[in-house]
Amino acid sequence: MDLKFDEAKAQEHFAQGRLRQAATDYQQLSRQLPDRLDLRARLGYLALLANDLDTAVNNLAQVINQGPRSRVTLAHLAEAYYRQGRLDAAAYCYHRLGREGLAGTLALIGELNAWQLVPANTSVEIPWLPDKPLPVITAQVNGREANLVLDTGAGDTLLDTGFAVEAGVRLGGQEQRAFAGGMPALVTYGHLEALFLQDLHIHDIPVQVIDIPHSLGDWFPDLPIHGILGTGLFSRFRTTLDYQDGSLRLETHATSGAAQPKNGAQDSPGTPMWLAENQLLLTHVDLPTLDQGVWFLDSGLTGGAFAVPGTAVESLGLELDESDALVGTGGGGTVHGHKLQADWLRLDQLCRHNLDGVMLDTFPLGHSCGFAIQGLIGHDLLSKSVLTLDFPAMRLCLTSA
């Protein structure tokens with residue numbers, strides 16, 4: 001067997017975003033070359049992407065303990081600990097990475113049972129207030145009523161600075177973070193003691209506190225917006241965003257009524273999805289010239305059904321209208337681009353034709369994860385659909401009306 005050829009193929013599959021095939025390739029290589037820590041590090045990263053956190057920690061910690069402490073591997077281990085709720089271990093890793101604002105905040109709450117659910121096994125269905133331009137629900141934040149936007153493009157729960165202070169959220173360290181379109185924003189890390197979503201109570205949640213852009217508030221002139229719920233919370237449940245009925249459904253794994261297959265199980269319905277660093281939600285998308293490309297599912301992106309970088313317009317066979325400039329909004333502010341059109345685009349069971357999209361002037365996500373991310377799926381594609389994010393199985397199900 002030609003191991004050099006096999007390793008080259010494994011790397012090619014990974015770089016192209018063929019993540020399930022890459023995982024199989026690297027498992028075979030690691031069995032043949034058990035002393036290769038770089039192969040084990042790649043397996044740990046692929047397990048993190050599949051949200052298989054125990055496997056990710058086992059592999060990544062072994063690499064860190066036995067070999068050079070690569071910043072990339074340490075960052076992946078920090079993310080895995082963080083998602084597990086092992087905040088003290090995550091804090092140590094972030095400290096070694098020089099992210100003192102986050103590390104210090106996590107260390108202060110490291111002994112708490114993060115994301116504690118009361119009751120542990122339950123499900124809730126929460127009606128939306130408006131659903132245009134984005135869905136909003138009402139929740140209780142430390143006993144105060146809050147209007148929270150639902151956005152798969154956000155990782156951790158975000159709270160507006162003024163509201164967080166009024167609600168008594170414990171504030172910690174700060175750092176600059178990149179949001180939509182690469183826009184920077186100053187983030188303060190904090191500790192939210194209690195989030196009530198109807199009968200579901202979630203305690204001790206790490207949150208990010210930012211000055212929510214005025215443009216986001218302008219979309220809801222009669223409704224103050226206090227924060228954003230994102231994938232960090234959704235990933236604790238089997239989450240359904242029902243754009244037909246206008247509701248959010250959260251089901252704990254024991255109450256979802258579904259089997260509990262291993263992450264990414266082949267026989268589960270739907271399309272595979274992954275969680276990259278900062279809980280970036282990725283899935284497969286098809287276009288006329290693209291088969292199962294990896295795209296970021298950003299339900300908070302406005303201005304089009306999809307977005308791609310300018311460098312990909314020609315290869316994806318999209319039509320560009322340079323005279324039609326568009327502006328969207330993300331966590332860091334406005335995002336600029338130009339109008340595109342796609343003949344059709346398919347995500348799971350949903351296929352839509354003659355779609356308007358956005359060519360982004362900048363696209364820092366393109367290779368930030370080590371493999372190709374071709375574009376973003378935005379809010380406009382999801383209208384009148386039912387989107388289920390089955391995190392126990394790491395599968396996405398999307399159906400139309």
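Modeller: What follows takes the labels one by one.

Modeller: This is a predicted model; local features need pLDDT of at least 70, side-chain atom pairs count only at pLDDT 80 or more, and totals for chains, interfaces and linings use all residues. Residues are numbered from 1 along each chain as its sequence is written, and side-chain values use heavy atoms, with hydrogens and water left out.

Colleague: How many helices and strands does the chain have?

Modeller: There are 11 helices and 21 strands. Both are DSSP runs numbered from the N terminus: helices are H or I with at least four residues, strands are E with at least two.

Colleague: Why is His76 called buried?

Modeller: Its relative accessible area is 6%. Buried means under 20% relative accessible area, exposed means over 50%, and partly exposed is in between (1.4 Å probe, protein chains only). So His76 counts as buried. Across the chain, buried residues make up 56% of the 401 residues.

Colleague: Where does His76 lie, and what does His76 touch?

Modeller: His76 lies in helix α5. His76 touches Tyr45, Leu48, Leu60 and Glu277, leaving aside residues up to four places away in sequence. Contact means heavy atoms within 4.5 Å.

Colleague: How do you know how helix α3 and helix α5 cross?

Modeller: Two packed helices are described by the angle between their axes and the distance between the axes. For α3 (residues 37-49) and α5 (residues 71-84), the axes come within 10 Å and cross at roughly 35 degrees. The axes are lines fitted to C-alpha atoms, for helices over the stretch in contact, and angles run from 0 to 180 degrees between N-to-C directions. The crossing of α3 and α5 is left-handed. That word applies if the near helix is turned anticlockwise from the far one by less than a right angle; clockwise is right-handed.

Colleague: Which residues make the contact between α3 and α5?

Modeller: Ala41, Tyr45 and Leu48 come from α3, and Thr73, His76, Glu79, Ala80 and Arg83 from α5. They divide into 4 nonpolar, 2 polar and 2 charged. Here Ala, Val, Leu, Ile, Met, Phe, Trp, Tyr, Cys and Pro count as nonpolar, Asp, Glu, Lys and Arg as charged, and the others, Gly among them, as polar.

Colleague: What makes strand β10 mostly covered?

Modeller: In β10 (residues 238-242), 5 of its 5 residues are buried. Arg238, Thr240 and Asp242 point one way, Thr239 and Leu241 the other way. In a regular strand the side chains alternate between the two faces of the sheet.

Colleague: How do you know which strands pair with β10?

Modeller: Two strands pair if DSSP finds at least two bridges between them. β10 has 5 bridges to β11 (residues 247-251) and 5 to β20 (residues 385-390). Both therefore meet the cut-off. Each pairing is antiparallel. Thr239 is bridged to Leu250 in β11, and Leu241 to Leu387 in β20. β10 and β11 form a hairpin with 4 residues between them. In that turn, Gly246 has a positive phi of about 75 degrees.

Colleague: What joins β21 to the strands it pairs with?

Modeller: β20 and β21 run antiparallel and are joined by 6 bridges. β12 (residues 271-276) and β21 (residues 395-400) pair in the antiparallel sense over 2 bridges. The cut-off is at least two, so 2 bridges are enough.

Colleague: How many disulfides are there?

Modeller: The structure holds 0 disulfides. A disulfide is a pair of cysteine sulfur atoms within 2.5 Å. Cys93 is buried at 3% relative accessible area, and Cys369 is buried at 10%.

Colleague: Why is Trp115 called buried, and Gln198 partly exposed?

Modeller: Trp115 has 9% relative accessibility, so Trp115 counts as buried. Gln198 has 43%, so Gln198 counts as partly exposed. Each has a positive phi in a residue other than glycine: near 60 degrees for Trp115, near 55 degrees for Gln198. Trp115 lies in the loop between α7 and β1, Gln198 in the loop between β7 and β8.

Colleague: What kind of peptide bond joins Val118 and Pro119?

Modeller: A cis peptide bond, with omega about -5 degrees. Pro119 is in the loop between β1 (116-118) and β2 (123-127).
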